[in-house]
Amino acid sequence: MIQRIKNVLTGRLFVPTTLLMWIVYSYLLMLSYIPDEIYLTTNQVESIQKLNGLPVTASYEKGTTPVFGVWNANGNTSQQGYLECRLFDIIPMKQVSVHVTSEKQVIAAGTNIGIYLKNAGVLVVDNASFRNAKGALISPSVYRIKRGDIIRAVNGTVISTKEELIEAVNESEGERMILEIIRDQEKIELAVSPELSNEGRVLLGLWVRDDIAGIGTLTYIQENGTYGALGHGISDIDSGDLISIDSGKLYETQITGISKGRRGAPGEVSGLIRYKENEYLGSVNANTTIGIYGKLERMPEAIVDSDKYTLGYKQEIELGPATIISSVSGERKMYQIEIDAVDYHPKEVNKGLRYHVTDSELLETTGGIVQGMSGSPIIQNNKLIGAVTHVFVDDPAKGYGIFIETMLEK
């Protein structure tokens, strides 16, 4: 009898408990479809009532103080406020921070560029061993200097090139040196004593690099000539760390070959960079996790007469057809893709969009997304909504993208 009563009670509780769990799950799911922060034009603010097709009403409340928003680099400001989101116009859901800005147009570039970056110091690629005058295998810097360290000064003298470091080591004649190191964004000083090799050279036992070059894609160009490219930062190929740059330059580049992507092996674009004055495009002033930035001194030849696109913000993005602009074939073209998912809360800021390539020509040429296409503009409904950033290693036809407003926040 007692067991029967337990069974009845359990059965009666099962339905409401399941219903409650379903309601909570649905509520949390809807929250995930509401961003924490959005950009709206003045017209959009005046007309907004719904958000992302959800049964959520949205009313705009103006903030009390103006903030310098995404366009402050050009002298423009945006007014900050918030959306009060309510489920069925009754249940409070969330307050969404809003930046109200005027409608803006930029050139969606999509042309390949040659990138040259000069490190802010001498980057340590790895420790190295050598034989000393007695034939013993040694490494004076091991356990002291680490991969990814940036050497900024030797005995108080600032250095910026490999040659300057080599000269300082030679002049030490094996005496102790004080190195100023940047490690994990902190400045430290280390004492290291070079040693004489069996070849008669004074060595620290380090592999170092002071510059890096590669190919990427220009994403957008603003009216004043400032640009954004890549949608992700440039990291050292050996250490994996974001490169801290002293300066950089952009050049025209000529595509010389394509290594087609396949499952487990992302492809890449090969190109020729000519470091000549007539090929120079402009400066690189910043290398960040969301792209490289600088200013053009002249327009790349492939986009001199290109159209401008209005910016499309993340809440406007729809699942379905879109296009990317790329010069991967050597000619600037538009290729078809399909947007599969929009993540308003991505773990990695440059993976807010997920898509797959549907264009038969691009699939035939590259297999999908390859290295060198990072920064290719993504267009939907005749608006620039983002840029290509990463490829799926297990499926080169699929990739990730960054929201255009995220790139423009720099």
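A salt bridge, as the term is used here, is a side-chain nitrogen of Lys or Arg within 4 Å of a carboxyl oxygen of Asp or Glu. The model is a predicted one, in which local features need pLDDT of at least 70 and side-chain atom pairs count only at pLDDT 80 or more, while totals for chains, interfaces and linings use all residues. Residues are numbered from 1 along each chain as its sequence is written, and side-chain values use heavy atoms, with hydrogens and water left out.

**Salt bridges**

Side chains of opposite charge can pair when their charged atoms come close. The structure holds 7 salt bridges, and three of them, including the one between Lys-383 and Glu-316, are set out in the table.

| Salt bridge | N to O distance |
|---|---|
| Lys-383 and Glu-316 | 2.6 Å |
| Asp-149 and Arg-183 | 2.7 Å |
| Arg-147 and Asp-126 | 3.0 Å |

Lys-383 forms its salt bridge with Glu-316. Because Lys-383 lies in strand E27 (residues 383-392) and Glu-316 in the loop between strand E22 (308-311) and strand E23 (320-326), the pair ties together parts that are 67 residues apart in sequence; strands, labelled E, are DSSP runs of at least two residues, and helices, labelled H or I, are runs of at least four, numbered from the N terminus. For burial, the terms are buried (under 20% relative accessible area), exposed (over 50%) and partly exposed (in between), found with a 1.4 Å probe and protein chains only. Lys-383 is partly exposed at 24%, and Glu-316 is partly exposed at 23%.

In the salt bridge of Asp-149 with Arg-183, the partners are again distant in the chain, since Asp-149 is in the loop between E8 and E9 and Arg-183 is in strand E11 (residues 177-183), 34 residues apart. Both Asp-149 and Arg-183 are buried.

Arg-147 and Asp-126 also meet through their side chains, and this pair links the loop between strand E8 (137-138) and strand E9 (150-154), where Arg-147 is found, with strand E6 (residues 112-127), where Asp-126 is found, across 21 residues. Arg-147 counts as partly exposed because its relative accessibility is 44%, and Asp-126, with a relative accessible area of 29%, is partly exposed too.

**Nonpolar cores**

In soluble globular proteins, nonpolar side chains tend to be buried together. A nonpolar core is here a set of buried Ala, Val, Leu, Ile, Met, Phe, Trp, Tyr and Cys residues joined through side-chain atoms within 4.5 Å. Which residues have the most contacts inside the largest nonpolar core? They are Ile-324, Ile-339, Ile-369 and Ile-378, in a core of 22 residues. The elements giving two or more residues to this core are E23, strand E24 (333-342), strand E25 (353-357) and E27, and E24 supplies the largest share, 4 residues. A second, separate core has 20 residues, among them Ala-229, Ile-234, Ile-243 and Ile-303.

Leaving aside neighbours within four places in sequence, Thr-406 is in contact (heavy atoms within 4.5 Å) with Ile-290 and Val-349.

Gln-315 is placed in the loop between E22 and E23, and with a relative accessible area of 14% Gln-315 is buried. A polar atom of the Gln-315 side chain lies 2.9 Å from the backbone oxygen of Tyr-39.

Notes
Polar contact = N/O pair within 3.5 Å; in protein donor to acceptor, adjacent residues only side chain to side chain.
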